[in-house]
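Q: Could we go through some local backbone features of this structure together?
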Amino acid sequence: MEFLASATLYNILRGPLVWVAFLIFIGGSSYRAYKVINQAKKEKVILPFISIKATLLSLLHWLIPFGSRRWRLKPVVTIMTFLFHIGLVFTPIFLLSHNILWYESWGITWWTLSENTADIMTIIVIFTCIFFFLRRTFAPEVRFVTFSSDYILLTISFLPFFTGFLAYHQWLIPHKAMLNLHILFGEIMLIAIPFTRLFHMIYFFLTRSWMSSNFALWHTKDW
Amino acid sequence: MAVQEKIVSREFKEYIREPNPDIGLDETIKRLTPEKIEKTIKAVLGGRSARIKAVLDTCIHCGLCAEACHWYLSNDKDPTYAPVAKMRMTIWEMLKREGKVDAEFIKQCARIVFTECNICHRCSMYCPYGLDIAFIIGMVRRVCFLLGVMPQRQMDQDQAHIITLNQVWYSQNDWLDTIQWQEEEAGADFKNLRIPIDKEGAEVMWLPLGAEPKTGTYHVERTAKIMLAAGVDWTVPGKDVWDSSNMPMFVRDFATMLRIVRGLYENASRLRVKKMILTE
């Protein structure tokens, strides 16, 4: 516990490991995206069929809540999915404390969420994670295709928010220890993205593009 | 007749089915060896193409594709009929075990991909990522096809295409004879009715499905009447290929698929037609 709360660990996590995490996240993701697009180019049967118009229309419909038939048929899952992803992506970017860290390091700053809003968004992420956990465990069609890796991915996204929430409210264990844990889990998540199926954050745009272009050829739509 | 016991999969306890005897599946798996299976799986799925990779590396196992599938909906939402479940029971397992699966497993895969999926692409419309699940099922079909394990009916249709380039075992004589016979029949009803064979420079070339000249010959006659009434300058090819059904596509027999499509276009270019009309 003493080590966990120590300034040494904090300095490591706050210093070199941040660089490592961001470099792996950005570099790894770009490299992986480049590799698969390059492979698609070589295979010759993918890029000629891609239609930018169909891609943009499809992305628009799928990125708007209830914009596609799938989202309309399952309102609960839709709401949970959108809340989860909005919280997951935007809370860390616009959190005040994160912004202060950027300011302290590089002197840059941008918009921030109010502390209360960020707190609510964090709670939403935590609860939607629990919802996904329950759905994975009890919905038969999901349970049949669930592996331990699915639970691990869910945990990877859950922990930074859970520890961040506890650190902010200074509950359970000493604040400094919880903060260190929070930073650690955040970095683990960033590092995990290019190596796991969390990479769907990039693949989403590529696979949608391929399928919507195909559906456009068949004179139908994929939303 | 004795009631046969239900089939329960060894790997997936939830997969319970009625017995469905088919020599195309039951007999052909006896010829398989583990080496042959492994080699085939590696040949088809080993060097992962971008499209296979995209599906395998993106699918987050959310099960949202399930409700797209009419097999799933019409079987009381049995999770083993969900599109993602079909991938889990076939390709994921093949790749997880690096192709080291036995003949019984291949038979189960063949049953899933040939008799419990129609490759209709509806699951792609319901998948939040738009994953091409039907393409993956097609790849598994190709594995089964290369191993010779597929329902007897589909094997027969594919073999008919391989040999005669149509699905009904018609020779060129049978085809020309049918066309001329139907021209005669329709000629009794309509004055000046012709079915022009190999007419160069015609506007339109009509390409029927194989079953039309064989089991639904009246289709030929009626098409001729429609063309006459519409005043279309049309023709039918006198040489192979004239059957546009392309059944090899359903077992992913790429070589024969290619021969058929190439044959259709060669006929079109030989007769310098502007349009091809296909029956569906």
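Q: Where is B:Ile119 found?
A: B:Ile119 is in the loop between α6 (103-115) and α7 (122-126) of chain B; helices (H or I, at least four residues) and strands (E, at least two) are DSSP runs, numbered from the N terminus. The model is predicted: local features need pLDDT of at least 70, side-chain atom pairs count only at pLDDT 80 or more, and totals for chains, interfaces and linings use all residues. Residues are numbered from 1 along each chain as its sequence is written, and chains are lettered from A and ligands numbered from 1 in the order in which they are written.

Q: What phi does B:Ile119 have?
A: Its phi is positive, about 50°, although B:Ile119 is not a glycine.

Q: Is B:Ile119 buried or partly exposed?
A: B:Ile119 is partly exposed, with 17 other C-beta atoms within 10 Å. Buried denotes 20 or more such atoms within 10 Å, exposed 12 or fewer, and partly exposed in between, with C-beta atoms placed from the backbone.

Q: Turning to α9(A), where does the kink lie?
A: The kink, of about 30°, is at A:Phe158, shortly before the proline A:Pro160. The bend at a residue is the angle between axes fitted to the seven residues ending there and the seven starting there.

Q: Which residues of α9(A) are buried?
A: Among them are A:Leu153, A:Phe158, A:Pro160 and A:Phe161.

Q: Which residues does the cis peptide bond join?
A: That bond joins B:Asp240 and B:Val241, with omega about 15°.
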